[in-house]
Amino acid sequence: MVKYEVTVNRNVCLATMACYSTDTLHYKSDENHKSLVVGGTTDQSKSTRIFDDDKLDDAQRGAKACPVGAITVKQL
Ligand code: SF4
């Protein structure tokens, strides 16, 4: 098990849909196609959650897919 934090900077997100098309475990769309972290705490500017599982690679793959660098995945 790995503990890691996934954060989407929703001020930067351009709703390209790339992250949640790549990884549906960590990312999903809101009503405007901007990204949310699944099960996370979300406001206008940020969505974040700490995960404790073996899916870090998936989260990183989704983050890499973002063309504007709006996603941070930090191992804790
Ligand atoms: S890939 Fe980046 S810009 Fe596109 S929806 Fe996800 S966070 Fe937003």
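User: Which pattern does the protein chain follow along the sequence?
Analyst: Going along the sequence, the protein chain runs β-α-β-β-β-β-α-β. Keep in mind that this is a predicted model.

User: And how many helices and strands does that come to?
Analyst: Two helices and six strands for the protein chain.

User: How does the radius of gyration compare with the globule rule for 76 residues?
Analyst: The protein chain has a radius of gyration of 11 Å, close to the 11 Å the globule rule gives for 76 residues, so it is as compact as a globular protein of that length. Along its principal axes, the C-alpha trace spans about 35 × 20 × 20 Å.

User: What share of the residues counts as buried?
Analyst: 24% of the 76 residues in the protein chain.

User: OK, the core. How many residues are in the largest nonpolar one?
Analyst: The largest nonpolar core holds 13 residues. V8, C19, V37, A63, C66, A70 and I71 have the most contacts inside it.

User: Which elements each supply at least two residues of this core?
Analyst: β1 (2–9), β3 (35–37) and α2 (56–65) each do that.

User: Say I click on I71. What is it in contact with, leaving aside neighbours within four places in sequence?
Analyst: You'd find V8, C19, G62, A63 and C66.

User: What about contacts in the protein chain between residues at least 6 apart, what fraction joins residues at least 24 apart?
Analyst: 63% of those contacts do.

User: Backbone check now. What's the phi of M17?
Analyst: M17 has a positive phi, about 75 degrees, although it is not a glycine. M17 sits in the loop between β1 and α1 (18–22).

User: How many other C-beta atoms does M17 have within 10 Å?
Analyst: There are 14 within 10 Å, so M17 is partly exposed.

User: And H33, what's its phi and where does it lie?
Analyst: H33 has a positive phi as well, about 70 degrees, and is not a glycine either. You'll find H33 in the loop between β2 (27–29) and β3.

User: Is H33 buried or exposed?
Analyst: H33 counts as exposed, because it has 12 C-beta neighbours inside 10 Å.

Key
Residues are numbered from 1 along each chain as its sequence is written. This is a predicted model: local features need pLDDT of at least 70, side-chain atom pairs count only at pLDDT 80 or more; totals for chains, interfaces and linings use all residues. A nonpolar core is a set of buried Ala, Val, Leu, Ile, Met, Phe, Trp, Tyr and Cys residues joined through C-beta atoms within 7 Å. A residue is buried if 20 or more other C-beta atoms lie within 10 Å of its own, exposed if 12 or fewer, and partly exposed in between; C-beta atoms are placed from the backbone. Helices (H or I, at least four residues) and strands (E, at least two) are DSSP runs, numbered from the N terminus. Two residues are in contact if their C-beta atoms, placed from the backbone, lie within 7 Å. The radius of gyration is taken over C-alpha atoms; the globule rule is 2.2 Å times the number of residues to the power 0.38.
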